[in-house]
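Subject: Structure handover

Hi,

Here is the structure I promised to pass on. Please open it first, then read my notes below.

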Amino acid sequence: LFPSHDMGSPMPNLIVENLNDNLDKMPTVFISNKSGHDFADSERYGKPVYVTKGIIQPHSVNYMARHWMKALFKSHKEDYILITSLTVLTCIGCAIFGWLHGGINLLIFRNNRYLERKINFRKLHEAVKEAESESTR
């Protein structure tokens, strides 16, 4: 299910903080990269956990995937991914989260606050199949 990478080996930019402390209490808000942005409003949805920090090379996608796999290993389907940082970094996190949980819960910044958006891939797939079958009748 998970890559063969030794998850116990050090990853210099990995800073998943207090992940085990909060998973049973409230949802986690996974933030791709710790930066200078103010993510305080996202705390309405759960405890923030930073997946990486510092400069991330935009073409190091395997590196990004390893960070996300470690961060999302004990995630729950109720957790969130906050949209920020490098597009490819966030895309990889969303892909892994969706693969693990069959959908994604996003926090998108708009009008000085975070808005919640959820996609259930299984229900979306069923709706597409139903629409396709109706169009062939």
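S85 sits in the loop between strand 3 (80-82) and helix 3 (87-101). Its phi is near 70°, a positive value in a residue other than glycine. Most residues other than glycine have a negative phi. S85 is partly exposed, with a relative accessible area of 38%. Please keep in mind that this is a predicted model.

N112 is another residue to look at. Its phi is near 65°, again positive in a residue other than glycine. You will find N112 in the loop between strand 4 (103-110) and strand 5 (113-120). N112 is exposed, at 69% relative accessible area.

Next, S32. Is S32 buried or exposed? S32 counts as buried because its relative accessibility is 0%, and the cut-off for buried is under 20%. This serine belongs to strand 1 (residues 28-34). Its side chain makes a polar contact of 3.1 Å with the side chain of T90. Leaving aside residues up to four places away in sequence, S32 touches V51, T52, W68, L82, T84, S85, L89 and T90.

Now the charged pairs. How many salt bridges are there? The count comes to two. Side chains of opposite charge can pair when their charged atoms come close.

- D41 pairs with R44, and the closest N and O atoms are 2.8 Å apart. D41 is partly exposed at 23% relative accessible area. R44 is also partly exposed, at 42%.
- E116 pairs with K118, at 3.6 Å from N to O. E116 is partly exposed, with 29% relative accessibility. K118 counts as exposed, at 53%.

Last, the surface. Which residues form a nonpolar patch there? They are I119, F121, L124 and V128. Together they have about 310 Å² of accessible area. Helix 4 (residues 121-135) gives the most to this patch, with three residues. F121 lies in helix 4. At 33% relative accessibility, F121 counts as partly exposed.

To go through these in the viewer, start with the loop that holds S85. Move on to S32 and its polar contact with T90. Then take the salt bridge of D41 and R44, and the one of E116 and K118. Finish at the nonpolar patch that includes F121.

Best wishes

Methods
Residues numbered from 1 in each chain as written. Predicted model: local features only at pLDDT ≥ 70, side-chain atom pairs only at ≥ 80, totals over all residues. Heavy atoms only, no water. Salt bridge = Lys/Arg side-chain N within 4 Å of Asp/Glu carboxyl O. Buried < 20%, exposed > 50% of the residue type's maximum accessible area, 1.4 Å probe, protein only. Helix = DSSP H or I, 4+ residues; strand = E, 2+ residues; numbered from the N terminus. Polar contact = N/O pair within 3.5 Å; in protein donor to acceptor, adjacent residues only side chain to side chain. Contact = heavy atoms within 4.5 Å. Patch = residues over 30% accessible without salt bridge, like charges linked within 9 Å, V, L, I, M, F, W, Y side chains within 5 Å. Areas by Shrake-Rupley, 256 points an atom, 1.4 Å probe, with all protein chains shown as cover.
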